[in-house]
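Please look at the model shown here.

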Amino acid sequence: MNLYQFGSIPRKFKQKPLTPESIPGYSGGNSNPFGADCQLDTGSPSEASNQCGARLVAVGADPLYNQNSTAWPAPGRARRYISRLMRKHLEITPNLEPLFGTRDENLRLMEDALQARIDLQSDAVQVEGSQDAITRVERIFQDYEALRKQGINLQNGELNGMLRLVMADPTVTLKSLAESGKQRSAGIKRMVQPRSINQRRYCEAIEQNDMVFGIGPAGTGKTYLAVAMGAAALLAKKVSRIVLVRPAVEAGERLGFLPGTLQEKVDPYLRPLYDALYDLIEPERVDKMLERNVIEVAPLAFMRGRTLNDAFIIMDEAQNTTSEQMKMFLTRMGNNAKAVITGDITQIDLPNPRKSGLVEALNILDGVEGIRFVRFEDGDVVRHQLVQRVIRAYEGYGRQQQELPLAMGEGEGERKGEPERVVRPTQ
């Protein structure tokens, strides 16, 4: 039997059955004890209890109206109080603890999003909140148990991201997300599962469009999801190869001439793409694909004149391309090709940041049919939680610098009002 309780219930309370004798002022055959404007269609307390679905009520929190006490809600508000506060006990099944998260962070996430209260007990989970909140929490517990029985074990970080999607969209369920991720990840080691709304839009955009731009701060999963979608497409035989492209621009340093073959020279620049590939596919299989050029490393500087057919093309760090390089890359697509371009316009390493090909492409290609732009925010960061705070701090600092007057950056003599010194050559 599910136990529901109504009203503003204190933490320590006693329970007793609802009987005519427990209702002040009630006598057999009188009118509705809730009052004339109450919405319950009943003439007896037992019928009222049955309509509300309650077997037990708390002393001091009786939902029936007592006009002699100022502590009772008004008659017309009785139904609202009843529907707003409900409690239900959910059974704890074996191996359910990973759903709670580290230090119960997943339970706190559900509490904050649904305005509910979830308490862990020895043999059950007590949920207090609205009927909709209780239903959604119960659905999450049921979906997690069903996935566990199917052999799908979700890691905590992955599960937390999925729960955020479920909380953001009432039409999304934990089970539907897992099924879509399973279809998207056929053949690879790990399930490709977006952890935020923007990441979900990003994956859907790659599936539905032939050219997608992913723009956002570091750590938002732009590169990893692009590689994962490319690997899934390759293993599903939707394309015959993956082409990895990245401009050879150092982050504020000049490394000079690197030793080795052409691939060995560009390998340091493509290391993030390799890391994602080795994380998704067995390393031996990746090495064989690299040897057979199924996974091809193509330096951006040597792509002019090529036509890439039946390929999944990924260009990372696109903010470091020039206008000419970006136009050249975008026109390499052949038949049955898909291109994903990722970049962070706040980390441009070009000598003149205003000449970034990615920034120019955002303005030129906006509104072109078949091209989709997905923008990420600091809330989409899936790395350490400090990364979000660092990004926000730098963004705030950047806005403050833009608001400073021009005179703040000029010489000290001008700030003090001193006349400008003129240096004349000696005779």
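This is a predicted model: local features need pLDDT of at least 70, side-chain atom pairs count only at pLDDT 80 or more; totals for chains, interfaces and linings use all residues.

Residues are numbered from 1 along each chain as its sequence is written, and side-chain values use heavy atoms, with hydrogens and water left out.

Q: In what order do the 6 strands of the open sheet lie?
A: Strands (E, at least two residues) and helices (H or I, at least four) are DSSP runs numbered from the N terminus. Two strands pair if DSSP finds at least two bridges between them. Strand 7 is joined in parallel to strand 8 (residues 295-297) by 3 bridges and to strand 9 (residues 311-315) by 5 bridges. With parallel pairing throughout the open sheet, the order is 8-7-9-10-6-11.

Q: Are the residues of strand 7 mostly covered or exposed?
A: Buried means under 20% relative accessible area, exposed over 50%, and partly exposed in between (1.4 Å probe, protein chains only). Arg241, Val243 and Val245 point one way from strand 7, while Ile242 and Leu244 point the other way. With 5 of its 5 residues buried, strand 7 is mostly covered.

Q: Which residue of strand 8 is the bridge partner of valine 243?
A: Strand 7 and strand 8 run parallel and share 3 bridges. Within strand 8, valine 243 is partnered by glutamate 296.

Q: With which residue does arginine 306 meet in a salt bridge?
A: A salt bridge is a side-chain nitrogen of Lys or Arg within 4 Å of a carboxyl oxygen of Asp or Glu. Here the N to O distance is 2.7 Å. The partners are 10 residues apart, arginine 306 being in the loop between strand 8 and strand 9 and the other in strand 8. Arginine 306 is partly exposed at 26% relative accessibility, and its partner is glutamate 296.

Q: How many residues apart in sequence are the parts tied together by glutamate 138 and lysine 88?
A: The side chains of glutamate 138 and lysine 88 form a salt bridge of 3.1 Å, N to O. Glutamate 138 is partly exposed at 21% relative accessibility, whereas lysine 88 is buried at 9%. Glutamate 138 belongs to helix 4 (residues 131-149) and lysine 88 to strand 3 (residues 86-91), so the parts tied together are apart in sequence by 50 residues.
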